[in-house]
Amino acid sequence: MSVHDELSTVQRCLDDLLRSVGRLEQRIGGGGLDIRRVRADAAHLRESVALLREAATAPTALAAPGRGDLVTIPDTPYDSSLWTDSDDEGLGAHRNRH
């Protein structure tokens with residue numbers, strides 16, 4: 001079974017669950033905290049599956065994550081002018097030390 005088929009099956013089950021929760025809510029009343037929590041949880045599951053479906057159908061979802069471009073760091077010392085106006089953490093600015 002494909003991912004799309006699995007997600008469709010889950011979506012149908014959640015739709016059934018929400019209908020069942022609605023019927024149960026009509027029978028026992030919707031004012032209780034427990035039934036509101038069940039309704040909210042079922043709705044959150046439905047939203048999560050919708051997000052999964054969007055992510056699964058996005059073109060980048062099938063692509064393997066790459067390492068990105070590698071940056072070579074030279075072994076030569078850095079130019080000291082890069083730190084002219086910088087502060088040493090805990091020591092303050094270079095210009096204030098004598």
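**View 1. Contacts of Gln 11 in a predicted model.** Gln 11 touches Arg 46, Val 49, Ala 50 and Arg 53, with residues up to four places away in sequence not counted; contact means heavy atoms within 4.5 Å. Gln 11 sits in helix α1, residues 3-28. Helices are DSSP runs (H or I, at least four residues), numbered from the N terminus. Gln 11 is buried at 16% relative accessibility. Buried means under 20% relative accessible area, exposed over 50%, partly exposed in between (1.4 Å probe, protein chains only). The model is predicted: local features need pLDDT of at least 70, side-chain atom pairs count only at pLDDT 80 or more, and totals for chains, interfaces and linings use all residues. Residues are numbered from 1 along each chain as its sequence is written, and side-chain values use heavy atoms, leaving out hydrogens and water.

**View 2. The salt bridge of Arg 46 and Asp 15.** The closest N and O atoms are 3.1 Å apart. A salt bridge is a side-chain nitrogen of Lys or Arg within 4 Å of a carboxyl oxygen of Asp or Glu. Arg 46 lies in helix α2 (residues 33-57) and Asp 15 in helix α1, so the pair ties together parts 31 residues apart in sequence. Arg 46 is partly exposed, at 37%.

**View 3. The salt bridge of Arg 39 and Glu 25.** Here the closest N and O atoms are 2.8 Å apart. Arg 39 in helix α2 and Glu 25 in helix α1 are 14 residues apart. Arg 39 is partly exposed at 34%; Glu 25 is buried at 17%.

View 4. Asp 34 is exposed at 57%, and Arg 37 is partly exposed at 45%.

Key. Helix = DSSP H or I, 4+ residues; strand = E, 2+ residues; numbered from the N terminus.
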